[in-house]
Amino acid sequence: MAQKSKKAKIIAAILASLTGFTGASVAAGVLAYDAFFPRYERPDYKVTAGQYCYDRISSELAREEFYYKSKEASLKGYYYESVESKGLVVVSHGFHAGADDYLPLIAHMVKSGYNVFAYDVNGTYDSKGDSLIGMCQSLVDLDYTLEYIKKTEPYASQPLFLIGHSWGGYAATSVLEFHKQVRACVGIAPMNNGFTIMLEKGKQYAGPLSAVPLPLFNAYQRILFKKYANSSGVKGINSTDIPVIIAHGVDDTVLPFDKQSVIAYRKEITNPNVTYYIGYGVQGDHDNIWHSKESAIYQQEVASKLKLAQLEKGSALSYDEKVEFYKSVDHALYSQVNYELMDIIVKTFDSRL
């Protein structure tokens, strides 16, 4: 704790000298930034729908669990081995999520013949670390993860593929700048830049952060993330000619189709092997693009049933009542994958073996 406090004072002093702001201004700005990235814990699965809880899918999906190092923290890793073992797919999760939130996708890749390496980002779920640190952290952890994979068997000798969603999609596309052994990459609803997005989203996304002076904001991020601050999805994609799939929903409100997303910058992409998958209707939002139409419709039905149960009671359901309600949910249907998109991904990966 004393070491952390000493480090914070050093950073504050550097920021003050770089930006010219007073110590009080620097402290307030750093506080506002750090407050936006606390630890993110697992949800209570008793009142959470879908096969995002490993216990609900463990009988059909065996895995190994372990820890490995990323910079200063230990990350929790999960390895799933397929019978075919055609190659290794590394899955990077989104913001305010963890590796297990992608278990339906992971299970589909394993059934399609691919081993999967997934992990919780620093400060998330079972990984160590007391915070998410900042928006570039998903890229930092994926970079360190791929370095670990390069040096560790049975991962190192396998053909390597990447899939990332949202925050993880930014990491998967941006990291291509540093790792040329990747054979194909998929970004599902990926943001383009971890450095600028907080200011681009303004109050909608950052709240108090939008009031932090730009020079202070940028200086702090550069101290935290160094070389990673200059990375972006478009830059990573253009650094290679491997196949890259970008999937995005037209009604995405988290990372709008024409703002902050990789697809918003498609005119700047020069890699000739990039293909786009566009989600429409019930599959047009940030998460449902990788779920089936049936799943998206069922999710709406579950939400309607929960609302109706509360209306009939005349008040919010108690915790025990919610537990009973979620026991009736078809978790497999609720989180069913978008088979059309998954087939495109698997065929692309197969073509690179």
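How do the residues of the lining of the second largest pocket divide into nonpolar, polar and charged? In this predicted model, local features need pLDDT of at least 70 and side-chain atom pairs count only at pLDDT 80 or more, while totals for chains, interfaces and linings use all residues. Residues are numbered from 1 along each chain as its sequence is written, and side-chain values use heavy atoms, with hydrogens and water left out.

The lining of the second largest pocket comprises 20 nonpolar, nine polar and two charged residues (nonpolar: Ala, Val, Leu, Ile, Met, Phe, Trp, Tyr, Cys and Pro; charged: Asp, Glu, Lys and Arg; polar: the others, Gly among them). A pocket is an open set of points on a 1 Å grid over the protein atoms alone, with protein on both sides within 12 Å along at least five of seven lines; a cavity is a set where a 1.4 Å probe fits but cannot get out, and lining residues have an atom within 4 Å of a point. The second largest pocket holds about 610 Å³ of space, a volume being the space filled by probe spheres set on the points, which are joined across faces, edges and corners. Of its 31 lining residues, His-96, Ala-97, Asp-101, Tyr-102 and Asp-287 are the closest to the centre. Helix H9 (residues 293–313) gives the most to this lining, with three residues; helices (H or I, at least four residues) and strands (E, at least two) are DSSP runs, numbered from the N terminus.

One cavity of 30 Å³ or more is counted. The largest cavity has a volume of about 30 Å³ and is lined by Val-91, Ser-92, Tyr-102, Leu-105, Ile-163, Gly-164, His-165, Ile-188 and Trp-290. Strands E3 (88–92) and E5 (160–165) are the elements that each give two or more residues to this lining, and E5 gives the most, with three. Six of the lining residues are nonpolar, three are polar and none is charged.

Backbone geometry was also examined. Most residues other than glycine have a negative phi, and most peptide bonds are trans. Ser-166, in the loop between E5 and helix H5 (167–174), has a positive phi of about 60 degrees. Ser-166 is buried, with a relative accessible area of 8% (buried: under 20%; exposed: over 50%; partly exposed: in between; 1.4 Å probe, protein chains only). Ala-189 has a phi near 50 degrees, also positive; this residue lies in the loop between strand E6 (182–188) and helix H6 (197–201) and is buried at 0% relative accessible area. A cis peptide bond, with omega about 15 degrees, joins Glu-153 and Pro-154. Pro-154 is placed in the loop between helix H4 (137–150) and E5.
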